[in-house]
Amino acid sequence: TSIATNVTPTTFVTSIATNVTPTTFVTSIATNVTPTTSVTPITDLNLNKPVVGTHARPIDVFIMLQDADGSFDLNSSFANQLSVTLDQLISGLPCFDGVTVSHRLWATALALVHLRRAFASYQNEWNLLAIKMEKYITRNIDSQFKSLLQNQAIKFLSNN
C-alpha cells in the first residue's frame, strides 16, 4: 500500500510503458526463442476466433464447429470431422414431401448422431449441447419429419 501512494492507473501504466512499442514489447518477451519458434506480432492476432491447440481432444475440435444457436454448418471442416467429403454430405441431403432439408438442418442432424456415436463416453460434457441441437432441429422441421430426418442421418453415417 505504501508504494502505491499517489499512483493512479494512468500514471502507473505511463511510468512502466514509456518507450515501449508493440515491436519492442514482443521482442523483449521473445528472448530465448529457438529458431523453430515463431512469434506472432500483436497486430496479427485474431481475437475473435477461439484457438484450439494442436493437442486438443477430438471432441473439443468437433464441438467448436457448433454455432451459438445449436446448429452446424455444412462445410469442409464439418465433413472432415465425419470422415466424408462435402460432396457426399450434399448428395445425401434428404427430401421430405418434395422439400429438400436445409444444409444447416442436415448438418445438425448428422452432428447429433455423430456426437452420440463417436463421443458417447463424454456425454456428461456434451449433453447440454445435444439438447441445444435438438431444439434447433425441432424449431426448423415439421414434427412429422423429425424422426425421418434422424433416421436418414443414422443411415447416412452408417453407410459412409
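This is a predicted model: local features need pLDDT of at least 70, side-chain atom pairs count only at pLDDT 80 or more; totals for chains, interfaces and linings use all residues.

Colleague: Okay. How many helices and strands are there in the protein?

Modeller: Eight helices and two strands. These are DSSP runs numbered from the N terminus, with at least four residues of H or I for a helix and at least two of E for a strand. Going along the sequence, the pattern is α-α-α-α-α-β-β-α-α-α.

Colleague: And what percentage of the residues count as buried?

Modeller: 26% of the 160 residues. The protein exposes about 11000 Å², and carbon and sulfur atoms supply 55% of that; the areas come from the Shrake-Rupley method with a 1.4 Å probe, and for residues only the protein chains shown count as cover.

Colleague: Let's look at helix 8. How many residues has helix 8, and how far does helix 8 reach?

Modeller: Helix 8 covers residues 143–159, which is 17 residues, and spans 25 Å from its first C-alpha to its last. That's close to the 24 Å expected at 1.5 Å a residue, where the expected span is 1.5 Å times one less than the number of residues.

Colleague: Which residues in helix 8 are buried?

Modeller: F145, L149, A153, F156 and L157. Down the axis of helix 8, those buried residues fall within an arc of 110°, so they line one face; the arc is taken from the directions from the helix axis to the C-beta atoms. An α-helix has 3.6 residues a turn, so residues three or four places apart point the same way.

Colleague: Changing topic: how many salt bridges does the count come to?

Modeller: Five, where a salt bridge is a side-chain nitrogen of Lys or Arg within 4 Å of a carboxyl oxygen of Asp or Glu. R57, D60 and E125 are linked in a network of them. D60 and R57 have their closest N and O atoms 2.9 Å apart, and for E125 and R57 that distance is 2.6 Å. E125 sits in helix 7 and R57 in the loop between helix 2 (22–29) and helix 3, so this pair ties together parts that are 68 residues apart in sequence.

Colleague: What about D73, which residue does D73 form a salt bridge with?

Modeller: R104, with the closest N and O atoms 2.2 Å apart. D73 is in the loop between helix 3 and helix 4 and R104 is in helix 6, so the pair ties together parts 31 residues apart in sequence. D73 is partly exposed at 29% relative accessible area, and R104 is partly exposed too, at 27%.

Colleague: Now T108. Where does T108 lie, and is T108 buried or exposed?

Modeller: T108 lies in helix 6 and is buried, with a relative accessible area of 0%. Leaving out residues up to four places away in sequence, T108 touches G70, S71, F72, M133, Y136 and I137; contact means heavy atoms within 4.5 Å. The T108 side chain also reaches the backbone nitrogen of F72 at 3.0 Å.

Colleague: One more: where is Q66 found, and which backbone oxygen does the side chain of Q66 reach?

Modeller: Q66 is in the loop between helix 3 (58–63) and helix 4 (76–82), and its side chain reaches the backbone oxygen of L129 at 3.4 Å. Q66 is buried, at 13% relative accessible area. Beyond its neighbours within four places in sequence, Q66 is in contact with S71, F72, L129, K132 and M133.

Terms used:
Residues are numbered from 1 along each chain as its sequence is written. Side-chain values use heavy atoms; hydrogens and water are left out. Buried means under 20% relative accessible area, exposed over 50%, partly exposed in between (1.4 Å probe, protein chains only). A polar contact is a pair of N or O atoms within 3.5 Å; within protein, one must be able to donate a hydrogen and the other to accept it, and residues adjacent in sequence count only if both atoms are side-chain atoms.
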